[in-house]
Amino acid sequence: MPPTDPSPGSPADLPPREPAGPPAGRPPRPLPPEDARLPSPLVAVEEPELARYGVRLLLKRDDLAHPRLVGNKYRKLRLNLEAAAAAGHDTLLTFGGAYSNHLRAVAAAGRLCGFRTVGVVRGDELAGRPLNDSLAQARADGMRLDFVDRATYRRKTEPEVLTTLLERHGPACVLPEGGSNALAVLGCAGLGREIGGAADVVAVACGTGGTLAGLAAGLPPDTGAIGFAVLRGGAFLTDDVARLQREAFGGPRGRWRIEDRFHHGGYARTTPELDAFADAFAARHGLALDRVYVAKMLHGVTALAREGAFTPGTRVAAVITG
């Protein structure tokens with residue numbers, strides 16, 4: 001497809017569109033609140049490399065917040081699904097890369113709540129390849145996958161491209177990449193409130209900045225937050241987090257900053273150093289670390305401790321988002 005052509009995909013790229021969730025005729029509903037397991041646990045662990053510098057590590061196990069919507073995905077989607085159901089939408093359309101946890105979460109939420117779901121996937125070259133685990137699960141949960149070329153994907157927020165997508169897939173509630181919008185930020189503020197004064201610094205991995213924007217707003221004034229960018233060139237996240245806080249709260253909230261040195265080559269990329277760190281952490285604590293997000297954040301926390309960024313006695317809460 002020519003890079004300037006905004007038309008997404010081709011019919012051959014798409015599976016049959018089948019209803020997901022509750023039986024036909026029942027309108028979509030918000031996420032059942034009884035399924036959530038909040039507040040998620042906050043657990044102290046002994047991490048030798050951090051203890052060496054007097055840093056105490058706590059893990060905010062948001063990966064246990066919901067059985068299907070892992071970690072921050074429940075917090076980001078809850079209010080968005082309420083708004084979509086109240087507005088009478090029966091379809092959710094959203095965006096993500098080949099390894100997007102967001103696409104998988106939206107598909108799962110659609111099945112739970114009775115929405116049809118469409119995932120616009122970056123990279124039309126993926127259409128003819130076997131699906132990875134994330135995309136395979138999204139499709140298994142009823143998501144219609146539409147693979148678009150990368151030039152078109154970069155223009156996904158432009159009216160011309162959005163119009164083409166909605167003409168192709170029908171009326172839908174459009175959720176941004178990563179699910180980060182004002183409603184998502186408001187939902188993530190609860191994460192900061194749950195941690196409260198139990199930590200001096202809170203660390204979280206950042207893809208689109210929505211979790212950090214809400215987390216920082218919910219924390220006490222004397223607790224800072226660090227967002228570890230998982231994409232190369234993550235300096236743009238500072239502007240994005242500030243924008244999201246304006247949209248959600250009308251202005252800046254909390255003490256936060258972006259750390260963009262620990263992306264290990266970019267989104268969904270890894271290095272031998274990161275793999276060794278994640279494997280050793282898993283061996284010590286019995287917790288497998290997601291390489292796309294969580295391992296990069298914890299590796300960054302450890303590197304900052306070596307650099308003397310934390311005074312002895314600092315309590316760092318690391319958010320396990322998946």
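Residues are numbered from 1 along each chain as its sequence is written, and side-chain values use heavy atoms, with hydrogens and water left out. Because the model is predicted, local features require pLDDT of at least 70 and side-chain atom pairs count only at pLDDT 80 or more, whereas totals for chains, interfaces and linings use all residues. Helices (H or I, at least four residues) and strands (E, at least two) are DSSP runs, numbered from the N terminus.

The axes of helix α2 (residues 72-86) and helix α3 (residues 101-113) come within 11 Å and cross at roughly 50°; axes are lines fitted to C-alpha atoms, for helices over the stretch in contact, and angles run from 0 to 180 degrees between N-to-C directions. Helix α2 is therefore oblique to α3, on a scale in which angles under 35 degrees count as roughly parallel, over 145 as roughly antiparallel, 65 to 115 as roughly perpendicular and the rest as oblique. The crossing of α2 past α3 is right-handed, the near helix being turned clockwise from the far one by less than a right angle (anticlockwise for left-handed). Lys73, Leu77 and Leu81 of α2 make the contact with Asn101, His102, Ala105, Val106, Ala109 and Cys113 of α3, where contact means heavy atoms within 4.5 Å. By class, six residues of this contact are nonpolar, two polar and one charged. In this classification Ala, Val, Leu, Ile, Met, Phe, Trp, Tyr, Cys and Pro count as nonpolar, Asp, Glu, Lys and Arg as charged, and the others, Gly among them, as polar.

For helix α7 (residues 182-195) and helix α8 (residues 210-218), the axes come within 6 Å and cross at roughly 50°. This angle makes α7 oblique to α8, and α7 passes α8 in a right-handed crossing. On the α7 side, Val185, Cys188, Ala189, Leu191, Gly192, Arg193 and Ile195 meet Gly210, Thr211, Ala213, Gly214, Leu215 and Gly218 of α8. Seven nonpolar, five polar and one charged residues make up this contact. Helix α7 also packs with helix α9 (residues 236-249), at an angle of about 85° and with the axes 8 Å apart; the two helices are therefore roughly perpendicular to each other. Ala182, Val185 and Leu186 of α7 contact Leu244, Glu247, Ala248 and Phe249 of α9, a set with six nonpolar, no polar and one charged residues.

Two further helices have a buried side. In helix α4 (residues 133-140), Ser134, Leu135 and Ala138 are buried, that is, under 20% relative accessible area, with exposed meaning over 50% and partly exposed in between (1.4 Å probe, protein chains only). These residues cover an arc of only 90° around the axis, which puts them on the same side of α4; the arc is that of the directions from the helix axis to the C-beta atoms. Asp133 and Ala140, on the other side of α4, are exposed. The buried residues of α4 pack against α3, β4 (116-122) and β5 (144-148).

In helix α6 (residues 159-169), the buried residues are Val161, Thr164, Leu165 and His169. Viewed down the axis of α6, they fall within an arc of 115° and so line one face of the helix. Pro159 and Glu167 are exposed on the face turned away from this buried side. The cover over the buried residues of α6 includes β3 (91-96), β4, β5 and α5 (150-154). Gly170, which follows α6, has a positive phi near 95°.

Individual buried positions were also considered. Glu47 lies in the loop between β1 (42-45) and α1 (48-51) and is buried, with a relative accessible area of 3%. Not counting residues up to four places away in sequence, Glu47 touches Leu57, Phe281, Arg284 and His285.

Tyr293 is located in the loop between α10 (272-285) and α11 (294-306) and is buried at a relative accessible area of 14%. Leaving aside neighbours within four places in sequence, Tyr293 contacts Asn101, Ala205, Gly207, Val230, Tyr267 and Thr321. Val294 belongs to helix α11 and is buried, with a relative accessible area of 1%. With neighbours within four places in sequence again left aside, the contacts of Val294 are Leu289, Ile320, Thr321 and Gly322.
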